[in-house]
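Please read it with the structure open.

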Amino acid sequence: MNFSLTEEHLMIRDAARDFAQTELLPGVIERDNAQKFPDSLVRKMGELGFLGIMVDPKYGGSGMDTISYVLIMEELSKIDASASVMVSVNNSLVCYGLEAFGSEAQKQKYLTKLATGESIGAFCLSEPEAGSDATSQRTTAIDKGDYYLINGTKNWITNGGRADFYLVIAQTDKHKGSHGINAFIVEKGTPGFDIGPKEDKLGIRGSDTHTLQFNDVKVPKENRIGDDGSGFRFAMKTLSGGRIGIAAQALGIASGAYELALKYSKERKAFGTEICNHQAIAFKLADMYTEIEAARMLVLKAAWDKDQGNNYDKSSAMAKLYASKVAMEQTVEAVQIHGGNGFVKEYHVERLMRDAKITQIYEGTSEIQKIVISRGLIKE
Ligand code: CAA
């Protein structure tokens with residue numbers, strides 16, 4: 001067993017840290033206020049290879065492993081979780097989904113653009129009446145011979161307005177339950193496909209979240225991903241990897257808040273000394289660091305499982321469950337250590353606290369992760 005990162009991993013982590021400090025930090029508060037994320041930053045993330053981290057270079061990707069992916073996710077998330085969710089969805093839901101399950105023609109046409117950041121992707125599973133209960137898809141895709149006709153509504157879609165290509169999960173035959181579901185690639189601008197207004201959110205406010213409407217949208221048959229009826233398995237397998245990305249995002253939010261709290265506690269004085277010298281604060285720091293390190297081990301273990309070709313359904317769910325809990329709890333502590341300053345925007349920790357909450361909700365709530373973990377345990 002070796003707990004050290006390789007030279008290459010350290011270089012990748014440092015490159016992501018440098019980008020986060022120099023490019024993401026300036027303007028992060030303004031982007032959160034304005035609910036905006038500029039195209040110029042998306043382009044830069046693409047140029048650095050952050051939008052196709054694990055994709056094979058023959059499809060334009062960076063060809064890195066999952067450990068590299070989580071290191072990059074942690075560093076970006078320390079500073080701007082709105083940027084990192086875009087990176088996570090594009091990498092682990094869209095690019096991975098296409099590379100693992102798409103046809104060669106789909107990879108050439110779509111993956112090559114998504115992996116370089118020339119195009120952005122979105123993953124459309126959630127619906128007003130099918131969130132945690134993902135099998136209950138109401139969006140329908142009716143087989144019309146050489147095309148499918150898609151009707152329905154998808155909501156809370158990350159990159160919803162910005163994306164060029166959308167992976168849409170829909171029910172083709174409701175009598176077949178989870179085996180009657182398919183996944184399709186839908187291009188922006190297809191007639192009948194409309195993007196609703198942007199959501200006004202508690203956290204990750206810079207990220208682009210929309211409801212999508214499909215009214216008689218014609219999708220050519222060659223845009224179905226995988227065999228007929230494989231869409232639910234596609235969504236579940238893809239989400240297992242996505243959960244490693246969100247776990248790394250939660251880890252980054254927690255460690256970003258911890259680093260700010262540690263720095264502040266060494267500068268701020270009360271009762272004649274820096275507040276880190278008071279046991280009330282020192283013990284908080286000790287607990288924060290310990291919890292964050294425990295989360296880091298689970299995140300790296302899930303990434304390692306994926307890289308080794310092991311089943312990672314359970315380890316990714318455990319990493320997400322635990323890291324998101326740590327993110328929520330430790331960002332609250334970081335605000336507490338900052339006192340009144342923690343409650344104002346310029347100190348960053350209140351944003352990290354707001355951003356932490358979504359990590360317990362998207363890509364499967366904490367309750368769903370417990371279903372996945374317990375089913376995995378019972379099956380073993
Ligand atoms: N890999 C392969 N196959 C899988 C699988 C996996 N990880 N998980 C389930 N399956 C298969 C099952 O084996 C089963 O197949 P058989 O019928 O052949 O045995 C089939 O899929 C149905 O599985 P279940 O019976 O387990 O299905 P269920 O209805 O009990 O639901 C669930 C399982 C885990 C609760 C699932 O519905 C789930 O994960 N829900 C949460 C959905 C979610 O994460 N949504 C997030 C939205 S995306 C998002 O947030 C993106 C964003 O923009 C940030």
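**Notes on the predicted model**

1. The unreviewed UniProt entry places "domain: Acyl-CoA oxidase/dehydrogenase middle" at residues 122-217. Here the model has 50% strand and 0% helix, with the end C-alpha atoms 17 Å apart.

2. Residues 229-377 carry the annotation "domain: Acyl-CoA dehydrogenase/oxidase C-terminal" in the unreviewed UniProt entry. The span is 77% helix and 3% strand, and its end C-alpha atoms lie 27 Å apart.

3. Strand β4. How many of the seven residues of β4 are buried? Seven of the seven are, so the strand, residues 165-171, is largely enclosed by the rest of the structure. F165, L167, I169 and Q171 point to one side of β4, while Y166, V168 and A170 point the other way. Residues on both sides are buried, Q171 and Y166 among them.

4. Partners of β4. Strand β1, residues 121-124, pairs with β4 in the parallel sense over four bridges. With β5, residues 181-187, β4 pairs in the antiparallel sense over seven bridges. L167 can be followed through both pairings: L167 is the bridge partner of F123, and in β5 the bridge partner of L167 is I185.

5. Ligand shell. Which residues come nearest to the ligand? Of the 25 residues around the ligand, these are S132, T135, T158, R243 and R375. By class, the shell is made up of 10 nonpolar, nine polar and six charged residues.

6. Helices at the ligand. Three helices, α5 (81-101), α7 (231-267) and α11 (366-379), each supply at least two residues of the shell. The largest share comes from α7, with seven residues.

7. A backbone N or O atom of S132 is 2.8 Å from a nitrogen atom of the ligand. A polar backbone atom of E363 lies 2.9 Å from a ligand oxygen atom, and a polar backbone atom of G364 lies 3.0 Å from a ligand oxygen atom. The ligand taken alone exposes 1100 Å², of which the protein buries 71%.

8. I204. The backbone of I204 deserves a check: phi is near 30°, a positive value in a residue other than glycine. I204 sits in the loop between β6 (193-198) and β7 (209-220). Is I204 buried or exposed? The relative accessibility of I204 is 4%, so I204 counts as buried, the cut-off being under 20%.

9. F271. A positive phi, near 55°, is also found at F271, again a residue other than glycine. Where is F271? F271 lies in the loop between β9 (269-270) and β10 (273-274). F271 counts as exposed because its relative accessibility is 81%, and the cut-off for exposed is over 50%.

Conventions
Residues are numbered from 1 along each chain as its sequence is written. This is a predicted model: local features need pLDDT of at least 70, side-chain atom pairs count only at pLDDT 80 or more; totals for chains, interfaces and linings use all residues. Side-chain values use heavy atoms; hydrogens and water are left out. UniProt positions are given in the numbering used here, feature names are shortened, and annotations may be inferred rather than shown by experiment. Buried means under 20% relative accessible area, exposed over 50%, partly exposed in between (1.4 Å probe, protein chains only). Two strands pair if DSSP finds at least two bridges between them. A residue is near a molecule or strand if one of its heavy atoms lies within 4 Å of it. A polar contact is a pair of N or O atoms within 3.5 Å; within protein, one must be able to donate a hydrogen and the other to accept it, and residues adjacent in sequence count only if both atoms are side-chain atoms. Accessible areas come from the Shrake-Rupley method with a 1.4 Å probe; for residues, only the protein chains shown count as cover. Ala, Val, Leu, Ile, Met, Phe, Trp, Tyr, Cys and Pro count as nonpolar, Asp, Glu, Lys and Arg as charged, and the others, Gly among them, as polar.
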